[in-house]
Amino acid sequence: MSSVLKVSDLHVSVGETPILKGVNLEIGQGEIHALMGPNGSGKSTLAYALAGHPNYSVTGGTIEVDGVNITEMEADERARLGMFLAFQYPVVIPGVKVADFLRHAVTNVRNPDRKEGEGLIGMREFRKELRSRMTELGMDHEFARRYLNDGFSGGEKKRMEILQLAMLQPRFAILDETDSGLDSDAVRVVSEGLARLSGPQMGVLIITHHERLLEFNTPQFTHVMLGGRIVETGDAALANELHSNGYAEVRKRHPQAAAEEAAAEEALA
Ligand SMILES: Nc1ncnc2c1ncn2[C@@H]1O[C@H](COP(=O)(O)OP(=O)(O)OP(=O)(O)O)[C@@H](O)[C@H]1O
Ligand SMILES: [Mg+2]
């Protein structure tokens with residue numbers, strides 16, 4: 001059976017401030033969706049809410065995987081259900097090596113009933129798999145010995161992200177790839193890596209302003225967020241239009257959402 005990630009009328013607040021105001025989105029396994037929208041429209045907030053980040057409180061609506069309500073689940077439970085989230089600003093964990101981190105993550109996802117403290121997947125078998133994935137992705141095997149994200153360049157952080165995807169093989173991958181701090185090497189790593197890994201087993205939500213990312217990963221669906229709602233959904237042509245023309249036309253087509261966007265900015269100023 002093909003899986004579905006379904007977001008229904010999702011409302012999310014940060015502190016007292018409502019950010020998402022009723023987001024609806026349905027991603028099927030094997031589909032590529034692009035999420036676009038101006039700065040501050042709520043794209044990363046949606047990604048954090050999907051990840052179960054504690055600072056983002058869901059005040060209404062649901063997130064479901066195959067009809068199972070995951071809205072209240074912890075991040076690790078979501079990962080076991082096959083969700084993968086890559087962030088704009090990945091955490092640095094000095095003292096934990098890439099290989100150790102991945103061995104834990106892979107064990108948790110593949111043995112969902114494992115109790116804390118029970119054995120990890122076998123070292124030899126794991127190393128063999130890790131090396132072969134790294135070779136496929138053109139990565140130096142030494143990389144696995146480094147401390148997670150510690151001193152990683154933009155491109156290396158992205159290689160790490162793609163390596164995680166390759167090892168975990170999630171059903172749903174949510175990639176928040178905003179323009180800040182992404183050099184062209186990093187964009188290439190993600191766009192080629194994703195093109196190699198995505199397929200009928202994986203549903204992908206790419207949050208990006210980068211044309212290049214979508215060029216190699218043509219979205220079947222493009223969603224536009226404005227003022228905390230998805231105001232339009234189209235195909236790859238909509239992404240191209242937004243890249244060429246920006247959001248002025250979208251704001252004109254959705255005056256109500258544009259007014260709320262302006263009011264929220266006013267409140268922050
Ligand atoms: N942790 C937080 N604390 C305070 N405000 C937040 C927090 N996270 C998000 N917000 C606010 O929520 C709104 C949406 O932010 P969000 O980061 O989701 O936008 P975005 O669409 O991802 O923008 P960008 O394209 O710049 O990445 C903004 O007004 C932002 O200031
Ligand atoms: Mg963002």
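How many of the residues of strand β11 (residues 221-226) are buried? The legends below begin with this strand in the predicted model.

**Figure 1. Strand β11 is mostly covered.**
In β11, 6 of its 6 residues are buried. Phe221, His223 and Met225 point one way from the strand, while Thr222, Val224 and Leu226 point the other way. In a regular strand the side chains alternate between the two faces of the sheet. Residues on both sides of β11 are buried here.

**Figure 2. β11 pairs with strand β3 (residues 32-36) and with strand β12 (residues 229-234).**
The strands β3 and β11 run parallel and are joined by 4 bridges. His33 has Phe221 as its bridge partner in β11. The pairing of β11 with β12 is antiparallel and extends over 5 bridges. Here His223 has Thr233 as its bridge partner in β12. The hairpin of β11 and β12 has 2 residues between the strands, and Gly227 in this hairpin takes a positive phi near 55°.

**Figure 3. An open sheet of 6 strands contains β11.**
The order of the strands is β6-β9-β10-β3-β11-β12, and the pairing is mixed. β6 (83-86) and β12 each have a single partner strand, so one side of each is left without a neighbour in the sheet. On average, neighbouring strands of this sheet are turned by 20° against each other, direction ignored. Within the sheet, β3 runs parallel to strand β10 (residues 203-208), and 4 bridges join the two. His33 has Leu205 as its bridge partner in β10, and Phe221 as its bridge partner in β11.

**Figure 4. Strand β6 stands at an edge of the sheet.**
Which residues point one way from β6, and which the other way? Met83 and Leu85 are on one side, Phe84 and Ala86 on the other, and all are buried. The partner of β6 in this view is strand β9 (residues 172-177), with parallel pairing over 4 bridges. Ala86 stands opposite Leu175 in β9.

Strand β4 (residues 56-65) is joined to β5 by 2 bridges in the antiparallel sense. Val65 stands opposite Val68 in β5.

**Figure 5. Asn69 lies in strand β5 (residues 68-69).**
Is Asn69 buried or exposed? Asn69 has 12 C-beta neighbours inside 10 Å, and therefore counts as exposed, since a residue with 12 or fewer such neighbours is placed in that class. Leaving out residues up to four places away in sequence, Asn69 touches Thr62 and Glu64. Asn69 and Lys6 are 63 residues apart in sequence, and their C-alpha atoms are 9.3 Å apart in space.

**Figure 6. Tyr247 is found in the loop between α8 (236-245) and α9 (248-253).**
Tyr247 counts as partly exposed because it has 18 C-beta neighbours inside 10 Å. Apart from its neighbours within four places in sequence, Tyr247 is in contact with Pro38 and Leu242. Ala263 is 16 residues from Tyr247 along the chain, and the C-alpha atoms of the two are separated by 17 Å.

**Figure 7. A shell of residues surrounds ligand 1.**
How many residues surround ligand 1? The shell has 13 residues, and the closest are Asn39, Gly40, Lys43, Ser44 and Thr45. Helix α1 (residues 43-51) gives the most to the shell, with 3 residues. By residue type, the shell divides into 3 nonpolar, 9 polar and 1 charged.

Where pLDDT is low, the predicted coordinates should not be read in detail.

Methods: Residues are numbered from 1 along each chain as its sequence is written. Chains are lettered from A and ligands numbered from 1 in the order in which they are written. This is a predicted model: local features need pLDDT of at least 70, side-chain atom pairs count only at pLDDT 80 or more; totals for chains, interfaces and linings use all residues. A residue is near a molecule or strand if its C-beta atom, placed from the backbone, lies within 6 Å of it. Ala, Val, Leu, Ile, Met, Phe, Trp, Tyr, Cys and Pro count as nonpolar, Asp, Glu, Lys and Arg as charged, and the others, Gly among them, as polar. A residue is buried if 20 or more other C-beta atoms lie within 10 Å of its own, exposed if 12 or fewer, and partly exposed in between; C-beta atoms are placed from the backbone. Two strands pair if DSSP finds at least two bridges between them. Axes are lines fitted to C-alpha atoms, for helices over the stretch in contact, and angles run from 0 to 180 degrees between N-to-C directions. Two residues are in contact if their C-beta atoms, placed from the backbone, lie within 7 Å.
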